[in-house]
Amino acid sequence: MELANIEQLIEKYLNAATSLQEEATLKNYFTQGNIAPHLQEYEALFNYFEKNKAEVFTETIQLDIKKRPNRKLKWLSVAASIAVSVSVFIGNQEYRKYQKEKTFAQVRNALQMLSLNLNKGASAIAKVHAYENTINTIIK
Amino acid sequence: MKQSDFLKMVFPFKNKVFRFAKRLLVSTEEAEDATQELFLKLWKNREKIADYKNVEAFAMTMTKHYCYDRLKSKQAGNLTLVHTNYKEKETSLDKKIEDQDSVDQVHRLIQRLPEQQKMIIQLRDIEQYDYDEISKIVDMQPTAVRVALSRARKTIRQELTKTHNYGVS
């Protein structure tokens, strides 16, 4: 293909006036590798078009809704299982905390009772002391 | 219509649908989902399809609408993942180095075009549709398609020339 012709086609191409056939000619010229230096910026453009066209849809078309694996559902199930295991873990921790608090309250009650009774005993002893003191003073 | 007949009918343009969806939705996964969804829709409407002369153009139009809906719902919700990803890529150092790979640069230049021009470039320069088909798919007058296409091509050319000259000097 003559260079002058290519230049003309490029001009037409930029004005969106080329036919599909002429665009094919341009594509052929710019993807064959031997390009005039002043036209080299177009090389990437046409190579990109060519490269992009090679990209294909690799999945098989699923017309059965039930069979179709749903990507979102998959991720949703992963998220759900994480949420469940986290809540079980936290729930378990909370339960243990509750159990500890319960035993702590029981122990506190028992100790309070003990100290109360101890105080009763102590006041009785104080009375005995007072009694003893008066006796001592009288005897002396 | 049997499933096998349907698949035979849509097989020739499944890649075009996929590439078109990817051009608009950017991510491969989104485009794959869109393609599956689209063929399911077509399959459900198989009775109607029989009336269309050009099933392929019809499928492409549906793809456009589907992708627009997806983009809209993404903007409405906060699922802008794809686009933020894309922006991050643009600014990262790795990407700047990659820019020297001019084929990648073309990709980015096209992605930066307005939606309409993006679609028309895809339909014309990659899928080689004629102007009548393109105007049907994008729902524009053929002259308006040409104007948009010319604008898109010139924008890309301008950017390419800029980096090309910069690279040389």
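First, the conventions. Residues are numbered from 1 along each chain as its sequence is written, and chains are lettered from A, with ligands numbered from 1, in the order in which they are written. As the model is predicted, local features need pLDDT of at least 70 and side-chain atom pairs count only at pLDDT 80 or more, while totals for chains, interfaces and linings use all residues.

Confidence next. pLDDT is the predictor's confidence in each residue, from 0 to 100. Chain A has a mean pLDDT of 89, with 95% of its residues at 70 or more. Helices here are DSSP runs (H or I, at least four residues), numbered from the N terminus. Within chain A, helix α2 (residues 20-31) has the highest mean, 93, and α3(A) the lowest, 90.

Chain B has a mean of 83, and 83% of its residues reach 70 or more. Its helix α9 (residues 115-126) has the highest mean among the elements of chain B, 94, and its helix α6 (residues 81-91) the lowest, 46. Over residues 82-91 of chain B, pLDDT stays under 50. Where pLDDT is low, the predicted coordinates should not be read in detail.

Now the interface. How many residues of chain A are in contact with chain B? The count is 25, against 33 residues of chain B; contact means C-beta atoms, placed from the backbone, within 7 Å. On the chain A side, α1 (3-14) and α3 (41-53) each give two or more residues, and α3(A) gives the largest share, 9 residues.

For the complex, the predictor gives an ipTM of 0.79 and a pTM of 0.67.

Key:
Contact = placed C-beta atoms within 7 Å.
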